[in-house]
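Colleague: I am new to this model. Please take me through one loop and what surrounds it.

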Amino acid sequence: MYTSTEDARSDLFLSGAVYVIGPAVIEILRSILRLDRVPGMTLVLAILTPIVTTALVPMLLMRYRNESFGQYGYGAGLPPNFGIGLLLASPIIVAAFLGATLAGDPLAGIGVGEIIRTGAAPSSLFGLLIRLLSWLGLGFLAVYATVKARDAFRSDFRTVRDETIGLGKILAAVAAVAVSLALLLLPQELGGSPGLSLMPLLLLPVGVAGSVVLLLRTLRGPSATSRAIMLTPVVLLAVGQIAFSFDITGLALSVWRAAMYAAVGLIIGALQESRRSALAGLGLTLAIAVLSPL
């Protein structure tokens, strides 16, 4: 599969723009058109928004370019690659469970937690559906962006391992700064026992870092990539989570969340570049949606 540099960049930027500003545009349209007054429209928009802002545009562009799903690695090595994705999600899941347990509620924030807590109430099932659509859509977008970046950007080639380590260190530093600010600002707002309340905030980055370390252990072969290719899913997933605010606490939490999502983008990009299979990223995002609070 080859797309000209100009076409690849336009496809990539269009997909990224829809992901970043799409939710705000949908919210503005809902307010102007007063769609909340239409019966059932709130539920319909809740389902459509994660699809429209992540997977829809790449799928339409793939159809326009006559590209198949196989060209993006779907269907390549289903059992092993999908299992690798599930394995890489395990440190995040363990850290999330430990953090929630230390905070006093083992099911807090975990994807299936509300379903277990409420006995599969319709609202909890709907919430899990939205999580699944959001994360699977993000995974699809990250895979699409990584593949498109191969044609969109030309730069010096390096190994996937070197780029993963280099970008991982940067993300670790950003997360450390965000956590430090949260430690200074959040205890007074949380009240009670701040040490326990902050445990999920502290442990989840450790779990994400564990997934990156595990990824490095599973990389196979001297796979060639470039910094531009690896940066694309990292920046894309991070920018979509940043919410600018004059509230320093909210901004710190926003940066923390962006760093977590960026690390997931890094993992998906590395998997795509090393295995040429999107199924590992699919397994990763599925596990995150169901068993973590991200």
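Colleague: Start with Asn-66. Is Asn-66 buried or exposed, and what is its relative accessible area?

Modeller: Asn-66 is exposed, at a relative accessible area of 70%. (Under 20% is buried, over 50% exposed and in between partly exposed, with a 1.4 Å probe and protein chains only.) This is a predicted model: local features need pLDDT of at least 70 and side-chain atom pairs 80 or more, while totals for chains, interfaces and linings use all residues. Numbering runs from 1 along each chain as its sequence is written, and side-chain values use heavy atoms, without hydrogens or water.

Asn-66 sits in the loop between helix 2 and helix 3. (Helices are DSSP runs of H or I, at least four residues, numbered from the N terminus.) The phi angle of Asn-66 is near 60°, a positive value in a residue other than glycine. Arg-276 also has a positive phi, near 55°, and is not a glycine either. Arg-276 belongs to another loop, between helix 10 and helix 11 (279-291). Its relative accessibility is 41%, so Arg-276 counts as partly exposed.

Helix 2 covers residues 41-64 and packs with helix 1, residues 5-33. The angle between them is about 160°, and their axes lie 9 Å apart. (Axes are lines fitted to C-alpha atoms over the stretch in contact; angles run from 0 to 180 degrees between N-to-C directions.) That angle makes the two helices roughly antiparallel. (Under 35 degrees is roughly parallel, over 145 roughly antiparallel, 65 to 115 roughly perpendicular and the rest oblique.) On the helix 1 side, the residues that meet helix 2 include Asp-11, Tyr-19, Pro-23 and Arg-30. On the helix 2 side, Thr-42, Val-52, Pro-58 and Leu-61 are among them. (Contact means heavy atoms within 4.5 Å.)

The whole structure holds 5 aromatic pairs. (Phe, Tyr and Trp rings, the six-membered one for Trp, pair with centres within 6.5 Å; planes under 30 degrees apart are stacked, over 60 edge-to-face and the rest tilted.) Tyr-72 and Tyr-144 form a stacked pair, because their planes are at 20° and their ring centres 5.4 Å apart. Tyr-72 is in the loop between helix 2 and helix 3 (78-102), and Tyr-144 is in helix 5 (residues 122-152), so this pair ties together parts 72 residues apart in sequence. Both tyrosines are buried.

Trp-135 is buried, at 2% relative accessibility. Tyr-261 is buried as well, with 5%. Ring pairs also join Phe-69, Tyr-74 and Phe-140 into a cluster.

Helix 5 holds Arg-131 too. This arginine is buried, with a relative accessible area of 18%. Beyond its neighbours within four places in sequence, Arg-131 contacts Gly-111, Ile-288, Ala-289, Ser-292, Pro-293 and Leu-294. Pro-200 belongs to helix 8 (residues 199-218). It is partly exposed, at 31%.
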